[in-house]
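Let's take a friendly walk through this model, from the overall fold to a few local details. Have the sequence and coordinates at hand as you read.

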Protein chains: 2
Amino acid sequence: MLKRLNHIAIAVPDLDQAAKFYRDILGATISEPQALPDHGVTTIFVDMGNTKLELLHPLGDTSPVTKFLEKNPQGGIHHYCLEVEDVSRTYAELAQHGIRILGAPKIGAHGKPVIFLHPKDCFGCLVELEDE
Amino acid sequence: MLKRLNHIAIAVPDLDQAAKFYRDILGATISEPQALPDHGVTTIFVDMGNTKLELLHPLGDTSPVTKFLEKNPQGGIHHYCLEVEDVSRTYAELAQHGIRILGAPKIGAHGKPVIFLHPKDCFGCLVELEDE
């Protein structure tokens with residue numbers, strides 16, 4: 001059921017500085033900043049050819065990234081996202097295996113159904129699953 | 001100069017359990033465990049189609065992963081690896097920009113030159129650069 005790696009999401013305390021690092025120093029192609037108020041983040045996509053990095057910065061008062069940056073002031077990897085054939089089916093299968101899922105499937109930043117798996121069941125990593 | 005994402009390396013406290021999670025629960029194709037004594041790890045590769053996850057477990061008394069697991073007993077993302085055209089040239093360019101590099105270029109797990117960038121200069125992430 002597992003398909004491609006969709007992205008690695010990196011929380012950064014300064015989006016401009018992160019953009020400069022990836023674009024000007026490492027020479028990557030990056031997107032313009034994109035505000036996603038429904039997800040509480042402003043994001044910049046770094047094109048890696050085979051996949052992408054998503055640089056995340058908090059947007060609004062209830063951003064899920066704010067607490068992460070309080071714990072990790074320099075930034076850090078927030079989660080990674082794996083594509084699956086069918087998030088709804090995967091949701092049911094994971095539950096059968098005792099893997100905890102954070103909430104019900106919802107529509108993610110790319111307009112597709114996503115779920116987040118509990119880091120305690122994924123070796124300390126916050127794992128997002130998204131419809132391919 | 002930046003090319004593809006080569007891999008995400010995930011340190012895990014139990015390699016068998018991690019293999020079962022990715023192979024048996026998520027349905028991924030994974031490799032046999034591979035001992036890399038020069039790098040102080042045993043690794044399993046998870047094929048993601050466009051890139052790979054590398055599950056790392058300490059091997060030997062001086063493994064670089066041991067301290068990470070002491071701090072993160074459940075496991076976690078240890079580093080990610082980006083491919084560049086020429087690690088030696090990148091090494092010089094990064095130094096000019098004040099990006100700290102952890103040691104000189106050495107031969108990595110895939111037999112190619114690699115360098116590691118200081119997490120404090122990469123938004124809290126340990127970043128490996130490898131020749132494409």
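## Ground rules

A polar contact here is a pair of N or O atoms within 3.5 Å; within protein, one of them must be able to donate a hydrogen and the other to accept it. Please keep in mind that this is a predicted model.

In chain A, A:Asp14 caps the N-terminal end of H1(A), with a side-chain oxygen 3.0 Å from the backbone nitrogen of A:Asp16.

## The buried side of H1 and what follows

Helix H1 of chain A covers residues 15-25, and its buried residues are A:Leu15, A:Ala18, A:Ala19, A:Phe21, A:Tyr22 and A:Ile25. In chain B, helix H1 (residues 15-25) buries B:Leu15, B:Ala18, B:Ala19, B:Phe21, B:Tyr22 and B:Ile25. A helix of the α type has 3.6 residues a turn, so residues three or four places apart point the same way.

After H1(A) comes A:Gly27, with a positive phi near 80°. H1(B) is likewise followed by a glycine, B:Gly27, whose phi is positive and near 80°.

## Chain A as a whole

Chain A holds three helices and nine strands. Along the sequence they run in the order β-α-β-β-β-β-α-β-α-β-β-β. Of the contacts between residues at least 6 apart in sequence, 50% join residues at least 24 apart.

How does the radius of gyration of chain A agree with that of a compact globule? For 132 residues such a globule would come out near 14 Å, and chain A has 15 Å, which agrees. The C-alpha trace spans about 45 × 30 × 25 Å along its principal axes, and buried residues make up 51% of the chain.

The accessible surface of chain A is about 6100 Å², with 48% of it belonging to carbon and sulfur atoms. As for charge, chain A carries 12 positive and 18 negative side chains, and the centres of these two sets are 5 Å apart.

## A phenylalanine with positive phi

Most residues other than glycine have a negative phi. A:Phe123, however, has a positive phi near 60°. This residue sits in the loop between strands E8 (113-117) and E9 (127-131) of chain A. A:Phe123 is buried, with a relative accessible area of 8%.

In chain B, B:Phe123 also has a positive phi, about 60°, although it is not a glycine. Its place is the loop between strands E8 (113-117) and E9 (127-131) of chain B. Buried means under 20% relative accessible area, so B:Phe123, at 7%, counts as buried.

How values were computed: Residues are numbered from 1 along each chain as its sequence is written. Chains are lettered from A and ligands numbered from 1 in the order in which they are written. This is a predicted model: local features need pLDDT of at least 70, side-chain atom pairs count only at pLDDT 80 or more; totals for chains, interfaces and linings use all residues. Side-chain values use heavy atoms; hydrogens and water are left out. Buried means under 20% relative accessible area, exposed over 50%, partly exposed in between (1.4 Å probe, protein chains only). Helices (H or I, at least four residues) and strands (E, at least two) are DSSP runs, numbered from the N terminus. The radius of gyration is taken over C-alpha atoms; the globule rule is 2.2 Å times the number of residues to the power 0.38. Contact means heavy atoms within 4.5 Å. Accessible areas come from the Shrake-Rupley method with a 1.4 Å probe; for residues, only the protein chains shown count as cover. Lys and Arg count as positive and Asp and Glu as negative; His and the chain ends are not counted. The place of a charge is taken as NZ of Lys, CZ of Arg, CG of Asp or CD of Glu.
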